[in-house]
Amino acid sequence: MYENQDHAIRWADVATSSEAGANSRDALRARLRAAITDKLVYAVGKDTAHASLHDWYVAAALAVRDRIVDRWMESTRETYRQNGKRVYYLSLEFLIGRNLRDAVSNLGLMQPLADALSDLGVDPEVLREQEADAALGNGGLGRLAACFMESLASLSLPAIGYGIRYDYGLFRQVIRDGAQHEVPEDWLDVGNPWEFKRPEATYRIGFGGGTRDEARSDGAIRRVWEPAESVLAVAYDTPVVGWRGAHVNTLRLWAARASEPLMLEAFNHGDYVGAMAHRARAEAISRVLYPSDATPAGYELRLRQEYFFTAASLQDLVRRHLSSHPGLDNLADHAAIQLNDTHPAIAVAELMRILVDDHAMAWERAWAVTRETLSYTNHTLLPEALETWSVPLMERLLPRHMEIIYRINWLHLEAVSTLPDADGTLSRALSIIDEENGKRVRMGHLAFIGAHKINGVSALHTDLMRETVFADLHRMFPERITNKTNGVTFRRWLQQINPRLTSLLVETIGPRVLDHPQALRELERHADDPTFRRAFAEQRLAAKRDLARLIGERTGIVVDPMAMFDVQIKRIHEYKRQLLNLLETVALYNAIKADPDAGWVPRVKIFAGKAAASYVQAKQIIRLAHDLGAVINNDPDIGGKLKLVFLPNYNVSLAEVIIPAADLSEQISTAGMEASGTGNMKLALNGALTIGTLDGANVEMRDHVGAENIIIFGHDAQEVAALRAAGYCETSTLDRSTRLARALFEIETGLVSPDEPRRYAALTEAVAWRDRYMIAADFDAYWQSQRDLDALWLRPDEWWRTAILNTAGMGWFSSDRTIGEYAQDIWRVQPLPHSA
């Protein structure tokens with residue numbers, strides 16, 4: 001499959017910056033070297049003789065940051081000069097990963113910085129490892145937000161991203177005896193050189209209390225909310241650099257602080273713990289992402305988080321608007337607020353409160369401004385994932401907002417009553433308040449009703465939104481739902497993480513491929529060129545050697561880079577069907593054991609992903625992967641024919657090593673359950689073949705790479721629905737699938753857990769008796785598709801031709817294209833003039 005060759009390309013500068021073009025490389029190198037030394041001494045406070053690697057990293061980051069700030073200030077000034085429309089992107093997650101390489105690459109300073117560091121005796125690759133991944137997200141939602149922020153800057157679209165500055169993120173995943181354990185991700189302990197604290201941008205956020213009427217000076221009555229407690233939201237800004245440094249936007253994150261840092265009277269009376277209790281309660285809001293909601297306190301904390309960052313963001317953007325305009329009547333002309341999922345959906349009620357209560361705007365006009373300003377992205381078709389909040393909690397924590405929601409709902413239901421088919425059933429389905437499940441506020445309904453556009457994130461997902469979760473609302477507002485298929489930033493997910501492949505693309509197509517993703521189509525004419533196929537295989541083998549080294553360092557497992565690297569890296573969830581992959585692995589293990597000399601294709605199964613702390617089934621899947629790996633990896637009969645690896649603490653930096661090395665991309669979710677996916681795009685862009693269901697963006701990927709170049713198996717969304725409607729019987733499926741039945745039996749009876757044979761009974765019974773995720777229904781098709789892939793691997797010319805055509809077909813999946821569509825169709829915002 002491979003030529004035994006390794007091209008060691010690391011910090012290769014595949015871009016040409018205006019600065020590097022205008023100055024000699026030596027002069028630029030000298031300036032960077034001097035800037036880093038200056039920062040080391042005067043900002044870090046160390047001399048070169050005693051500086052640690054982390055000291056050097058901070059000095060380099062600060063030197064680069066200085067170059068960003070000038071552009072950042074100019075971008076901000078230009079935004080104000082134009083007095084146009086700005087995008088405000090509200091997201092509970094921004095999974096930005098590490099900043100140094102991203103910023104340096106977009107500034108076109110990769111090689112000059114590497115040279116300057118080398119002059120100072122610092123290895124740039126080792127230095128990069130000193131930066132912690134920013135623990136600001138978990139999965140696809142947060143990574144999408146990060147890609148969008150980069151594309152907004154690259155397209156010179158003025159924008160501010162709003163989120164929470166989590167102290168400890170979701171968690172750091174630690175594996176002990178095969179089981180996931182959660183510990184704090186202390187990414188801020190050594191500081192964050194990329195951020196700027198903005199104490200002047202501090203807002204008071206209220207909770208609880210009550211409401212009353214108050215007469216205004218003009219005789220009108222206004223509603224007043226008197227919170228019982230308040231928390232301060234303090235802003236921290238991080239600049240987001242666009243491609244070639246042409247524009248810089250802002251990521252503004254909120255940290256929660258107590259309004260009084262210490263109850264001094266209690267402290268002086270010896271109650272040291274009590275004197276700090278209010279501070280612990282306030283600052284818990286920004287401690288961790290997605291605190292467990294298994295307890296009433298955790299459940300309430302999630303709602304407090306969502307309101308906290310939404311309210312602070314709206315106060316901030318309203319202040320900014322009023323600094324340039326006399327009132328808020330034209331807010332929608334200057335602000336486009338995008339709600340990334342339902343987490344910030346309370347913005348509908350909060351913006352109405354600000355307009356009506358704080359600025360005395362008439363209700364009807366306030367509602368028009370709110371709807372014209374807000375738009376909402378839906379990311380899930382799972383009813384249980386569409387957030388709802390209990391009415392008693394909302395009334396206690398946000399009493400004024402509940403009054404506003406009740407009025408919005410009353411007016412909405414008045415409109416519903418005028419529909420031709422209006423009846424009690426339709427009113428209950430369309431109501432923001434779910435009266436049938438303990439009285440709950442449907443945040444998806446609130447976002448839908450309060451926004452002028454609602455978008456899905458793939459063509460299939462958008463169609464299913466119209467047919468399922470929002471079917472009744474869609475019939476009432478048929479023009480409101482639109483599709484915006486996700487994309488990824490090629491700067492990060494190709495150019496930065498895979499410089500070998502990028503250099504090959506530039507050599508083959510030309511440098512325009514760095515600016516025009518659709519130029520990748522030109523690879524199609526090289527797919528049958530043996531020399532190009534060989535070069536494509538060589539860069540993959542080099543990346544696989546890198547990954548093999550990392551696997552050995554982190555797990556102690558030795559893998560062969562010449563084997564097929566079969567990758568499933570994503571959040572652990574039953575609908576993503578890591579269990580299907582593991583069951584096929586058991587069946588493959590059995591087949592190899594039965595006939596070890598049958599010419600099996602060597603395969604390394606690589607898993608990574610976190611399970612939510614309270615998600616028992618997902619955590620059991622992780623443990624099963626480890627137990628199964630221990631059996632397979634230590635079986636002498638298997639040898640190198642099959643290995644199973646689980647890499648712990650999956651994050652952006654780990655993905656950046658895995659993705660260039662992947663031969664096969666597992667995108668095998670139950671059809672109709674994955675909204676889009678972006679990992680599928682990143683892997684295919686780097687030349688991995690996809691095995692997947694017709695789910696999410698896989699459908700559009702098939703259209704762009706060609707049906708013959710993607711391996712689709714199993715039931716599609718309509719067939720899944722039909723199976724369920726017909727009374728799908730798992731046991732009859734198992735009767736026909738002896739491989740699956742044996743795999744389930746062996747797991748259930750202790751093949752991988754002899755000390756506790758029933759350890760995985762809940763997993764196996766979920767497949768054998770309920771099979772909500774159609775694992776049994778799709779197993780045989782999945783097995784056969786995997787064997788077809790084995791056969792293709794043994795025809796290397798065909799394999800690499802297919803891999804090349806995958807990369808060639810992925811140009812459409814750039815987040816630049818996605819953001820361009822949002823800008824034109826939803827936000828109606830124009831790029832700043834210098835981007836034209």
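## Close-up views of a predicted model

**View 1. Packing around helix H27.** The buried residues of H27 pack against helices H18 (459-467), H26 (679-685) and H33 (796-808), and against strands E16 (481-483), E20 and E21. This is a predicted model. H27 covers residues 698-705. Its buried residues are Asn698, Val699, Glu700, Met701 and Val705. Gly706 follows the helix with a positive phi, near 100 degrees.

**View 2. An open parallel sheet of six strands.** The strand order is E19-E18-E17-E20-E21-E22, and the pairing is parallel. Strands E19 (642-646) and E22 (711-712) stand at the edges. Each has a single partner strand, so one side of each lacks a neighbour in the sheet. Within the sheet, E20 (residues 664-667) and E21 (residues 689-692) are joined by four bridges. Ser665 stands opposite Thr690 of E21.

View 3. Ser676 has a relative accessible area of 2%, so it counts as buried. Its side chain makes a polar contact with the side chain of Asn486, at 3.4 Å. Leaving aside residues up to four places away in sequence, Ser676 touches Val457, Ser458, Asn486, Met681, Gly696 and Ala697.

**View 4. Strand E8 and its antiparallel partners.** E5 (residues 196-207) pairs with E8 in the antiparallel sense over nine bridges. Here Phe207 stands opposite Glu229 of E8. E9 (residues 248-258) also pairs with E8 in the antiparallel sense, over 11 bridges. Pro239 has Thr250 of E9 as its bridge partner. Six residues lie between the strands in the hairpin of E8 and E9. In this hairpin, Arg244 takes a positive phi near 65 degrees.

**View 5. Buried Glu350 in helix H12.** Glu350 belongs to H12 (residues 347-358). Its relative accessibility is 0%, so Glu350 counts as buried. The side chains of Glu350 and His401 make a polar contact at 2.6 Å. Tyr307, Ala311, Leu314 and His401 touch Glu350, not counting residues up to four places away in sequence.

View 6. Asp341 sits in the loop between strand E10 (335-340) and H12. It is not a glycine, yet its phi is positive, about 80 degrees. With a relative accessible area of 10%, Asp341 is buried.

**View 7. Helix H3 and the residue that follows.** H3 has 30 residues, 53-82. At 1.5 Å a residue the helix should span 44 Å. Its end C-alpha atoms are 43 Å apart, which agrees. Just after H3, Asn83 takes a positive phi of about 50 degrees.

**View 8. Ala725 in helix H28.** H28 runs over residues 717-725 and includes Ala725. At 71% relative accessibility, Ala725 counts as exposed. Asp293 is 432 residues from Ala725 in sequence. In space the C-alpha atoms of Ala725 and Asp293 are 33 Å apart.

**View 9. Arg828, after helix H34.** Arg828 lies in the segment that follows H34 (815-827). Its phi is positive, about 55 degrees, although Arg828 is not a glycine. Arg828 is partly exposed, with a relative accessible area of 47%.

View 10. Cys147 counts as buried, at 1% relative accessibility. Cys729 counts as partly exposed, at 36%. With a cut-off of 2.5 Å between cysteine sulfur atoms, the model has zero disulfides.

**View 11. Confidence, and the stretch at residues 1-20.** The protein chain averages a pLDDT of 94, and 97% of the residues score at least 70. Over residues 1-20 the pLDDT is below 50. This stretch still has 71 contacts in the model beyond near neighbours in sequence. Where pLDDT is low, the predicted coordinates should not be read in detail.

Methods
Residues numbered from 1 in each chain as written. Heavy atoms only, no water. Pairing = 2+ DSSP bridges. Helix = DSSP H or I, 4+ residues; strand = E, 2+ residues; numbered from the N terminus. Buried < 20%, exposed > 50% of the residue type's maximum accessible area, 1.4 Å probe, protein only. pLDDT = per-residue confidence, 0-100. Contact = heavy atoms within 4.5 Å. Polar contact = N/O pair within 3.5 Å; in protein donor to acceptor, adjacent residues only side chain to side chain. Expected span 1.5 Å × (residues − 1).
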